[in-house]
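Please have the viewer ready and turn the model as you read.

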Amino acid sequence: MSSRPHPAHVLAALLPALLVAAWLAWALGPVPPPDSAHGRAMDAAVDAADPQLVVLGNSATRMAIDPDSLARDLGMPGRVVALTVDGFASAGWLALLRHHVVARGARPALVLVASTDGFALSALGQEPFALQRLAEHLDPDDRDIADRVGVGSGWTERWRLHRLALRARVLDVVRAVAALPFAREPTWTEAVATAARARHAVLGPLGVADPAAPRGLLPEVVPVPAAVGWTDSLLLELVAEVRSLEATLVYVRLPVHTAGPDGAEEAAVLRAHLEAEGAVWVDLTDLPFPEGDWEDPTHLAPSGRTRLTAELTRRLTARGLP
């Protein structure tokens with residue numbers, strides 16, 4: 001006479017395997033976008049504008065190009081969005097386009113990258129916060145970017161980020177409970193938010209120390225030396241992303257105030273590769289700017305911004321763009 005196992009016994013036998021499977025599904029599953037106020041603002045701007053033209057770059061771009069004037073003079077009012085992060089180079093521009101334009105369903109006709117050649121021909125800027133800023137716009141599946149700048153990607157990175165998020169939640173709860181007796185108007189939400197802000201002041205999005213934090217508490221961030229050259233950048237990947245949008249890539253070479261190496265060789269390499277990929281080259285380094293048009297050696301003042309934006313509009317129109 002055969003007897004069937006009791007369902008409870010079957011469940012007890014399968015429970016460890018089910019728990020392991022559930023844990024793996026959580027640990028290796030999709031990672032929510034980084035909680036970045038800057039990123040949320042970019043998403044909102046792209047959603048509101050449904051842009052025809054997207055400007056990518058860094059602080060030099062932000063201070064050189066007026067997107068509102070550009071939109072008005074090109075006949076696309078309200079349809080130009082500038083996505084810039086101070087210190088960003090080609091890896092950052094690719095991340096901004098991928099996660100704040102393509103992922104939002106926007107389909108611009110033009111993607112304009114405005115920069116000096118050194119940033120275009122390198123993946124990562126040399127500022128102390130370069131990796132932290134980039135991390136705010138990455139996800140673990142950005143393997144091409146991660147490999148170039150030396151951070152994790154794939155399932156191991158998803159596991160690491162889930163683990164950091166869980167640890168952060170646990171620490172936030174502990175700190176919130178400890179803070180409640182001292183709060184003037186204690187609420188759970190405010191206490192958790194206060195703890196989160198305190199934690200973020202010391203730890204960046206990558207879970208590493210802020211170099212400005214007190215010494216000796218956590219490892220310092222060491223800037224990654226930036227190599228310069230076509231193969232060191234992610235411009236080819238950026239071109240492919242623009243092509244997937246059926247858009248035109250325009251590279252705007254920005255001027256600098258301080259005299260130095262003329263950069264003719266870098267510019268020739270950059271131009272040859274970009275034009276071979278179908279990009280439009282616009283060189284504004286020949287524009288004359290009086291002393292008062294400069295804020296500092298690499299950033300234009302408002303008067304210089306007005307002058308450069310007007311000339312950029314003229315040259316784009318002369319090319320039949322957009």
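**The chain as a whole**

This is a predicted model. Its protein chain folds into 13 helices and five strands. Of the 322 residues in the chain, 42% are buried. Among contacts between residues at least 6 apart in sequence, 78% join residues at least 24 apart. The chain exposes about 17200 Å², and carbon and sulfur atoms supply 60% of that area.

**Helix 2**

Start with helix 2, which covers residues 37-49.

Which residues of helix 2 are buried? They are G39, M42, D43, V46 and A49. These residues cover an arc of only 145 degrees around the axis, so they sit on the same side of helix 2. An α-helix has 3.6 residues a turn, so residues three or four places apart point the same way. The buried residues of helix 2 pack against strand 2 (80-84) and helix 5 (90-102). On the face turned away from that buried side you will find the exposed residues A37 and A48. After the helix comes D50, with a positive phi near 45 degrees.

**Helix 11**

Now move along to helix 11, residues 235-244. Its buried residues are L235, L238, V239, E241 and V242. Because they cover an arc of only 160 degrees around the axis, they lie on the same side of helix 11. Their cover includes strand 1 (53-57), helix 5, strand 3 (110-115), helix 6 (117-120), strand 4 (248-253) and helix 12 (264-276). Helix 11 is followed by E246, whose phi is positive, near 60 degrees.

| Helix 2 | G39, M42, D43, V46, A49 | 145 degrees |

**H137**

Finally, look for H137 in the loop between helix 7 (130-135) and helix 8 (143-149). Is H137 buried or exposed? Its relative accessibility is 2%, so H137 counts as buried. Leaving aside neighbours within four places in sequence, H137 is in contact with G39, M42, V85, F88, A95, L96, H99, H100 and D142. Among these partners, G39 and M42 are also buried residues of helix 2.

Conventions:
Residues numbered from 1 in each chain as written. Predicted model: local features only at pLDDT ≥ 70, side-chain atom pairs only at ≥ 80, totals over all residues. Heavy atoms only, no water. Helix = DSSP H or I, 4+ residues; strand = E, 2+ residues; numbered from the N terminus. Expected span 1.5 Å × (residues − 1). Buried < 20%, exposed > 50% of the residue type's maximum accessible area, 1.4 Å probe, protein only. Arc of directions from axis to C-beta. Contact = heavy atoms within 4.5 Å. Areas by Shrake-Rupley, 256 points an atom, 1.4 Å probe, with all protein chains shown as cover.
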